[in-house]
Amino acid sequence: MQKIVGVTACPAGIAHTYMAAESIEQAAKKLGYEIKMETNGASGVENRLTEKDIEEAVAVIIAADTSVEMKRFHGKPLIEVSVGEAIRKADIIMNQVKSGDIEIYQS
Amino acid sequence: MSKGSQIYKHIMTGVSYFLPFVIAGGMLMSLAFLIDAGNVGTKTYGSTIPLAAWLLETGKIAFSLMLPILAGFVAFSIADRPGILPGIVAGMVAQSGGSGFIGAILGGFVAGYIIYLLKKLTSNIPRTFEATKTLIIFPVIGLLLTAGVMIAVNAVVEPLNQFLTGALKDLSGTSSILLGAVIGGMLAFDMGGPVNKTAYLFSVASLTGADGSATSSIVMAAAACSGMTISMSCALATTLFPKKFNDNLKGAGKAAYVMGASYIAEGAIPFVIAKPKQILPSIITGAAVAGALVSAFGVKMSAPIGGIFTIPLTSNIPLYILSFIIGTLVSTLMIGFLTKKEEPVEQT
């Protein structure tokens with residue numbers, strides 16, 4: 001199974017962060033991907049992505065309205081969206097992942 | 001990513017770190033005044049009883065760190081770790097120089113970009129000088145440059161800030177009601193998104209006087225009250241009009257009761273996603289009505305957050321609750337009126 005990783009973060013870090021993560025998780029599972037989402041919420045980083053996670057991933061999805069530690073994703077195909085887009089349009093984002101039309105991230 | 005969304009991200013990173021300071025500080029100070037309610041009107045109001053005095057002092061310290069933390073983490077977002085020091089100092093400078101929120105945010109950007117620039121300029125320095133970079137160039141030179149620019153920032157922003165705080169204070173009658181309505185509508189507009197955060201930040205800023213001291217404000221009361229109506233009205237709609245919502249949304253409605261009571265607008269999101277054309281106008285109208293009513297009644301609030309726990313901290317509890325109930329009912333009834341009966345086949 002191909003793996004996708006991602007990070008979500010919103011200013012308050014109470015609700016949006018987790019809703020975006022859930023929305024992406026569901027959309028990814030629908031298309032048969034393995035998915036791991038890191039959440040940067042008010043209580044800190046949860047479900048932190050390991051180097052191995054990032055290494056294995058075929059795509060990275062960043063859904064954040066605040067700054068996220070980005071250097072670790074150098075050289076990976078990466079999609080960057082706002083938290084709102086992730087909540088509303090997770091399916092569209094996943095279809096983009098599937099189509100393979102993603103830019104490689106240069107830190 | 002566009003420049004605009006970069007700048008938004010930097011500000012929001014600062015906001016995400018400064019929110020706990022505002023909330024904790026504001027709540028402790030409000031509690032102090034609540035405990036000391038028997039001494040209203042005396043000179044020592046808020047600190048007559050020792051427990052109140054202690055709460056007030058602790059709250060003030062947390063609150064006074066708000067602008068430095070905001071600026072510090074805007075700079076952190078731009079320039080990473082080395083940005084924190086000049087950012088925090090820039091926030092302090094903005095605070096003591098009377099340029100408030102605007103000054104602090106600008107200060108964060110000044111500090112962040114100065115360090116960013118220094119990083120670029122020194123990127124070719126040999127590895128052996130690495131220590132010089134992190135121990136001298138970034139902190140010392142960075143701070144000197146930042147502080148220098150802050151003189152200019154304060155000179156420009158301080159009068160502007162004085163003017164704005166003054167204008168907000170003098171706002172009364174129709175313009176105050178209008179402002180309350182706009183704040184309420186903005187909070188509901190994107191439920192926790194950029195527009196919502198802008199309105200909330202503006203309300204929190206209204207809690208600081210021109211000299212940086214804490215005060216209570218009508219704008220904050222309007223924001224606190226209208227913010228509760230957003231999730232609450234969606235929840236109430238699922239109870240009053242059960243036939244118009246599928247089981248998913250009915251479940252979301254139960255959660256929305258709790259979120260509404262805790263001042264979390266996000267509870268409305270599942271509803272807006274399912275029926276944007278019906279729900280969005282309803283919650284915006286309801287929140288605007290609540291905001292307008294609070295302003296019309298002149299209710300003030302000293303805590304920087306809404307929700308049922310801060311209801312006792314408003315200057316007029318019955319009128320505040322009345323505004324909340326009317327606002328919620330307006331949007332609940334609008335939702336009931338606008339949405340059609342849920343077709344059972346729509347369940348997938």
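The model is predicted: local features require pLDDT of at least 70 and side-chain atom pairs count only at pLDDT 80 or more, whereas totals for chains, interfaces and linings use all residues. Residues are numbered from 1 along each chain as its sequence is written, and chains are lettered from A and ligands numbered from 1 in the order in which they are written.

In chain A, five strands make up an open sheet of mixed pairing, in the order β3-β2-β1-β4-β5. Strands (E, at least two residues) and helices (H or I, at least four residues) are DSSP runs numbered from the N terminus, and two strands pair if DSSP finds at least two bridges between them. The edges are taken by β3 (44–46) and β5 (78–81) of chain A, each with a single partner strand, so one side of each has no neighbour in the sheet. From one strand to the next, the twist averages 15°. Strands β1 (residues 3–9) and β2 (residues 34–41) of chain A run parallel and are joined by seven bridges; V7(A) is placed opposite E38(A) in β2(A). Helix α1 (residues 16–30) of chain A lies across β1, β2 and β4 (59–64) of chain A, at about 175° to β2(A). Angles run from 0 to 180 degrees between N-to-C directions, with axes fitted to C-alpha atoms, for helices over the stretch in contact.

The domain assignment, automatic or from a database, divides chain B into domain 1 (3–170) and domain 2 (173–346). Contacts (C-beta atoms, placed from the backbone, within 7 Å) link 20 residues of domain 1 of chain B with 21 residues of domain 2 of chain B. On the domain 1 side, α1(B) gives the most, with eleven residues.

The contact between the chains takes 16 residues from chain B and 14 residues from chain A. Of the chain B side, the largest share, seven residues, comes from α1(B).

A nonpolar core is a set of buried Ala, Val, Leu, Ile, Met, Phe, Trp, Tyr and Cys residues joined through C-beta atoms within 7 Å; a residue is buried if 20 or more other C-beta atoms lie within 10 Å of its own, exposed if 12 or fewer, and partly exposed in between. The largest such core has 148 residues, and I24(A) and L70(B) are among those touching the most other members. Helix α9 (residues 218–240) of chain B gives the most to this core, with 15 residues. Both domains of chain B give residues to this core, so it lies between them.

Conventions
Contact = placed C-beta atoms within 7 Å.
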